[in-house]
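Subject: Structure handover

Hello,

Here is the structure I promised to pass on. Please open it alongside this note, and then read on for what turned up.

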Amino acid sequence: MRAVVTVVGKDKTGIISKVSTFLAERNVNILDISQTIMDEYFAMIMMVDLSRASVELAPLAEECRAMGEKIGMSIHIQHEDIFNAMHSV
Amino acid sequence: MFNYKDVLETIEMVEREHLDIRTVTMGISLLPCIRATAEETARCVYDTVCKKAKDIVKVTGELSAEYGIPIVNKRVSVTPVSLICAPFADKAHLIGKALDDAAKELGIDFLGGYSALVHKGMADYERRFIQSIPQVLAQTERLCSSVNVGSSKSGINMDAVKLMGEIVKQTAGLTADRDGFGCAKLVVFCNAVEDNPFMAGAFHGVGESGTVINVGVSGPGVVQHAIEAIPDADLSDLAEMIKRTAFKITRAGQLIAKEAAKRLGAEFGIVDLSLAPTPARGDSVAQILEEMGLECVGTHGTTACLAMLNDAVKKGGVMASSRVGGLSGAFIPVSEDIGMIEAAEKGVLCLDKLEAMTAVCSVGLDMIAVPGDTTADTISAIIADEAAIGMINNKTTAVRVIPAPGKGVGDQVNFGGLLGRAPVIPVHNQSANKFIRRGGLIPAPIHSNKN
């Protein structure tokens, strides 16, 4: 199963490193990554593969939220289908 | 890979604009539960509902986490109970109690279907069932009730309309200590739909299959935000924007509905795309209408704005889902919408304007507090007017009014939570007594003869 991780917040050093380490520790494989700075705000979108992940998506979403709070960013992970459904005809 | 704009738009809709799945409602047929006695039937009803819906709270919680969209309510609708207890209508309260107990056991917020369909005629067992409604609503917490008194095909059963005026009054009286809260759980319909996931009017029609999942999506805040983004657009462009927004919201609903049905072992029923407000600021249908250019909802122009909104929402929704059903459109419950509450407090939004609005939106006079001394005849007359709008225009209309016990114009009722608060607004004091007492059937309109 594939999911989309989004990380949004004020830019600072080490965000990608922290998030990717966090994901690697849970055996979540990053397939694609794209990052930009918009008006001093950091925005990153990752496509990840959860087929070998050590955690199910629902609890992982909660862990991501908590991780985000810890590093002062807003982190979401959502099943890719929600974006497919809403943004493609 | 998705682009930033799309991904961040979805997240923004949820975080800032109150996009949510308003309800996942499981429709359950109770027809196989009919037994020789009321007691045995009640037991089977309880067991069936608890068994079929046992995972609804768990599964919706998982879906919400996985897709990152809040699912606000988990509900169950059942076969109209008047059919289940026809042989023992005097003991219908036992079924009501069993359903309420099941709702508590499951941890769902409402269970709908303590209902009767009497749009053409009312059998003796149906009359006795309807007479049980006030007591049952006073003694239960999560059970909702509805009665269908008219349809475009059959006309309006004015004997049922007369009875329902009295039933609404009795329900208010028996829940007087809670501002007549029982009436918030009671809807009188014309052209009731069989797959509506929204409360208080949900029931599981007899034409439905055994167990289905119907989903209601919402998002007045998302539509309002979309309109804000194009302040100088003309109305054609505005309608296009509303359609596009409705499309996205409905697609999210369709995804959740299909997945929920799969995981709960039920059939996918319908997606009901309704703009259902909550008392939170920024989650209001009234504020959409004001964003379209009205100083205050209820003023001249309100009906036209609402008509356009309702139609654009439907068009976007129909394109987005393989099965659109339920009520699908804009809801205008006064107590549940901060913009409506404020307009009613200012005296701009009155009952007559609300009635006109119901001719072009998806439901009817909803969650409106009227003076406690409003007579049963007047409530029946309000129901008759609303049913007439539904019957002639081939649409669902409903009345959910609360004659607030001991309260008059200027007072307020407060139900808390999603049901909100409402100022008591005036009704006309001139009697419709003679009209209501005539009874009989208002014949179906000429355009119902399509065979």
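This is a predicted model. Let me start with how chain B meets chain A.

Between chain B and chain A, 10 residue pairs are in polar contact, both residues being at pLDDT 80 or more. Three helices of chain B each put at least two residues on the side that touches chain A: H1 (4-16), H3 (56-67) and H10 (235-264). H1(B) gives the most, with 9 residues. By type, that side of chain B has 15 nonpolar, 3 polar and 7 charged residues. The contact draws 25 residues from chain B and 31 residues from chain A. About 2,500 Å² is buried between the two chains, 73% of it on carbon and sulfur atoms. Salt bridges across this interface number 0.

Now look inside chain B. In chain B, 43 residues of domain 1 touch 53 residues of domain 2. These two domains bury about 3,700 Å² between them, with 69% on carbon and sulfur atoms. B:Glu17, B:Arg22 and B:Asp179 supply 18% of the area that domain 1 buries there, more than any other three residues.

How many salt bridges cross between domain 1 and domain 2 of chain B? The count is 3. B:Glu66 also forms a salt bridge with B:Arg263, with the closest N and O atoms 2.8 Å apart.

Best wishes

Key
Residues numbered from 1 in each chain as written. Chains lettered and ligands numbered in written order. Predicted model: local features only at pLDDT ≥ 70, side-chain atom pairs only at ≥ 80, totals over all residues. Heavy atoms only, no water. Contact = heavy atoms within 4.5 Å. Buried area = accessible area lost by both parts, 1.4 Å probe. Salt bridge = Lys/Arg side-chain N within 4 Å of Asp/Glu carboxyl O. Polar contact = N/O pair within 3.5 Å; in protein donor to acceptor, adjacent residues only side chain to side chain. Helix = DSSP H or I, 4+ residues; strand = E, 2+ residues; numbered from the N terminus. Nonpolar A, V, L, I, M, F, W, Y, C, P; charged D, E, K, R; others polar.
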